[in-house]
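Biologist: I am new to this structure, and I would like to learn how to read it. Could you walk me through it, feature by feature?

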Amino acid sequence: MRYEAPDSLDRAVALLAAEAGEARVLAGGTDLLVQLRTDVIDPVLLVDIKGIAETRQIREEAGGFRVGAAVTGAELKEHRKLKAAWPGVVEAANLIGSTQVQGRATMGGNLCNGSPAADSVPALIAAGAKASVVGPNGRRDVPVEDVMLAPRKLSLAKGEIIASFLIPAKPAHTGDAYLRFIPRTEMDIAVVGCGLCLTLDTKGICTAARVSLGAVAARPLLVAEAAEALVGTKVDDGALQKLDAAAQAACRPIDDKRGTKEYRIKVAGVLARRAAQIALERARKA
Ligand SMILES: Cc1cc2nc3c(=O)[nH]c(=O)nc-3n(C[C@H](O)[C@H](O)[C@H](O)COP(=O)(O)OP(=O)(O)OC[C@H]3O[C@@H](n4cnc5c(N)ncnc54)[C@H](O)[C@@H]3O)c2cc1C
């Protein structure tokens, strides 16, 4: 197996595109190295992207933030402005693993590992983030909800890398939140995850919302009907009940040792309501 650590996106893309055998991007390695050690994958080429400037930076752009795909959870937490603007995104990324894992794990790797239960993904979707994808045919922006197609299947073509995410400017009176349910208190995979973002007008009426659910279908979902339950309301009890029902209706979960289908569906509604209440409080203060 060959290891390369290019210092430019062009070089990384050229290496990945030219390799006829299985080639993999290496970010933090917290998924990749486990899969290598357990023979789940057997690549002939690893391209480490951590030496490429764009993948490692957080900078302000267009009123929002451009966050490198290989920025770690620990680094996200240290960025006070990003955390103040998008607490749901940072909290979701900080749920990944332990302190040790946080020093390595990235949002690019979390998304590109292709797990429907990845914690940072519903939060990025709720925030309206776009992935900046660089490949042999240039650069394109892809809404995060369109990157993953099914477990371990992405919409990225051969040679394409996610270089960074653009988390947009946050409108006034907007709040976001991410909650997950796990059977243990930490270090487990989500039974359900919910990212939610909502915007209020000056009278406290919800004018926009995005609701995303993880671990309840083959890919993280953006649930338009759940957002519609909130828009035009004061996010009162009636709206929260409709949100709960819409979130439940969107679920297409599997049964596994962490939870039955029925359990996951029920928890999805509960988490959506709780995430909405946190986002509401944040929007009122923003
Ligand atoms: C002990 C432990 C606990 C964990 N707990 C959680 C948890 O609570 N929640 C959770 O969601 N996950 C958890 N994980 C999984 C893992 O830590 C996360 O998915 C992490 O975010 C992966 O990021 P990484 O940088 O380490 O990715 P890597 O392992 O480097 O890469 C993962 C995959 O994505 C590809 N890839 C990486 N970056 C890019 C890119 N920029 N462009 C294209 N492809 C790319 C790689 O080729 C590989 O296939 C845990 C893992 C461990 C070992």
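Modeller: Gladly. Let me start with the labels: helices (H or I, at least four residues) and strands (E, at least two) are DSSP runs, numbered from the N terminus. This is a predicted model, in which local features need pLDDT of at least 70 and side-chain atom pairs count only at pLDDT 80 or more, while totals for chains, interfaces and linings use all residues. Residues are numbered from 1 along each chain as its sequence is written, and side-chain values use heavy atoms, with hydrogens and water left out.

Biologist: Which element gives the largest share of the shell around the ligand?

Modeller: That is H8, with 4 residues. Helix H8 (107-112), S2 and strand S10 (161-167) each supply at least two residues of the shell.

Biologist: How many residues surround the ligand, and which are the closest?

Modeller: A residue is near a molecule or strand if one of its heavy atoms lies within 4 Å of it. Here 30 residues surround the ligand, and the closest are Val25, Thr30, Asp31, Leu32 and Thr106. By class, the shell has 15 nonpolar, 9 polar and 6 charged residues. In this scheme Ala, Val, Leu, Ile, Met, Phe, Trp, Tyr, Cys and Pro count as nonpolar, Asp, Glu, Lys and Arg as charged, and the others, Gly among them, as polar.

Biologist: What lies 2.6 Å from an oxygen atom of the ligand?

Modeller: A polar contact is a pair of N or O atoms within 3.5 Å; within protein, one must be able to donate a hydrogen and the other to accept it, and residues adjacent in sequence count only if both atoms are side-chain atoms. At 2.6 Å from a ligand oxygen you find a polar side-chain atom of Thr106. Gly29 uses a backbone N or O atom, 2.7 Å from an oxygen atom of the ligand. For Gly97, a backbone N or O atom lies 3.1 Å from a ligand nitrogen. Taken alone, the ligand exposes 980 Å², and the protein buries 87% of that; such areas come from the Shrake-Rupley method with a 1.4 Å probe, and for residues only the protein chains shown count as cover.

Biologist: In what order do the strands of the parallel sheet come?

Modeller: Strands of a sheet pair through backbone hydrogen bonds, either parallel or antiparallel. Two strands pair if DSSP finds at least two bridges between them. In this case 3 strands form an open sheet in the order S1-S3-S2, with parallel pairing. Strand S1 (2-4) and strand S2 (23-26) are the edges, each pairing on one side only. S2 meets strand S3 (residues 45-48) over 4 bridges, and Arg24 stands opposite Leu46 in S3. Helix H1 (residues 9-18) packs on the sheet, touching S1, S2 and S3, and its direction makes about 165° with that of S3. Contact means heavy atoms within 4.5 Å; axes are lines fitted to C-alpha atoms, for helices over the stretch in contact, and angles run from 0 to 180 degrees between N-to-C directions.

Biologist: Where does a hairpin have 2 residues between its strands?

Modeller: Between S4 and S5, where Ala62 in the turn has a positive phi of about 50°. Strand S4 (residues 58-61) and strand S5 (residues 64-68) pair in the antiparallel sense over 4 bridges, with Ile58 partnered by Val67. Both belong to an open antiparallel sheet of 5 strands, ordered S4-S5-S10-S6-S7.
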